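Take a look at the fold shown here. Keep the helices in view as you read.

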Amino acid sequence: MMPHAQVPHSERALLLIDFINPLDFPGAEKLAAPALRAAKAAAKLRDRCDRQGIAVVYCNDNYGVWQSDFHSLVSQLTGRDGEAGEIARLLAPRATDLTLLKPRHSAFYCSPLELVLREMEAKELFVCGLAADMCVQLTAADAFMRGFKVWAPADCTAAETPGAKAAAMKHMATVLKCDVRASTARRK
């Protein structure tokens, strides 16, 4: 049995959105390569967050399966070839990471995310993942409406097309007041 992660005190939290993903939907073939690049950047950011004591929270789709078990999904995907397997191996959660399943696009919608973040006393969220123009943007919007400061590092997100990603990053920067600088451009 896997040990349960405790909710740590952390004024900042790294949210990894939908990286653990079978990439088996229409359009996934366009998302796979950019997703792997984003996952590599997010893995480096996760390592930096670990060194700084910043909590890591995985927010992942349940893919419509209400008996879902996140760790079973990770296990299944780490055995696959291709980008989905490589991403799962690169970003597999550790025992200290928190994991939750979400039923829709925003990680806040019908999930315990807000409760967990309030319990850890988080003030700023680092929102990374798939896809920039869907789940990442909608999570950033919900975080903004709840008063969180949001950093959505552009190199840690991906979308099916460069245009979709650019539009999402622009919207997050201008409307949602997110910091969208790359993970390498920001040190704290």
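The model is a predicted one.

Start with helix H2. Its buried residues are Phe70, Leu73, Val74 and Leu77. They span an arc of only 100° around the axis, so they sit on the same side of H2. The spacing has a simple background. An α-helix has 3.6 residues a turn, so residues three or four places apart point the same way. The buried residues of H2 pack against E2, H3 and strand E3, which covers residues 98-102.

Move on to helix H3, residues 82-91. Here the buried residues are Ala84, Gly85, Ile87, Ala88 and Leu91. Viewed down the axis of H3, they fall within an arc of 165°, so they line one face of the helix. What lies over that face? The cover of the buried residues of H3 includes helix H1 (28-52), strand E2 (55-61) and helix H2 (70-78).

Now turn to a single residue. Ala143 belongs to helix H5, which runs over residues 132-145. Is Ala143 buried or exposed? Its relative accessibility is 0%, and buried means under 20%, so Ala143 counts as buried. Which residues does Ala143 touch, leaving aside neighbours within four places in sequence? The contacts are Phe108, Leu125, Phe148 and Val150. Leu117 is 26 residues from Ala143 along the chain, and the C-alpha atoms of the two are separated by 10 Å.

Key:
Residues numbered from 1 in each chain as written. Predicted model: local features only at pLDDT ≥ 70, side-chain atom pairs only at ≥ 80, totals over all residues. Heavy atoms only, no water. Buried < 20%, exposed > 50% of the residue type's maximum accessible area, 1.4 Å probe, protein only. Helix = DSSP H or I, 4+ residues; strand = E, 2+ residues; numbered from the N terminus. Arc of directions from axis to C-beta. Contact = heavy atoms within 4.5 Å.
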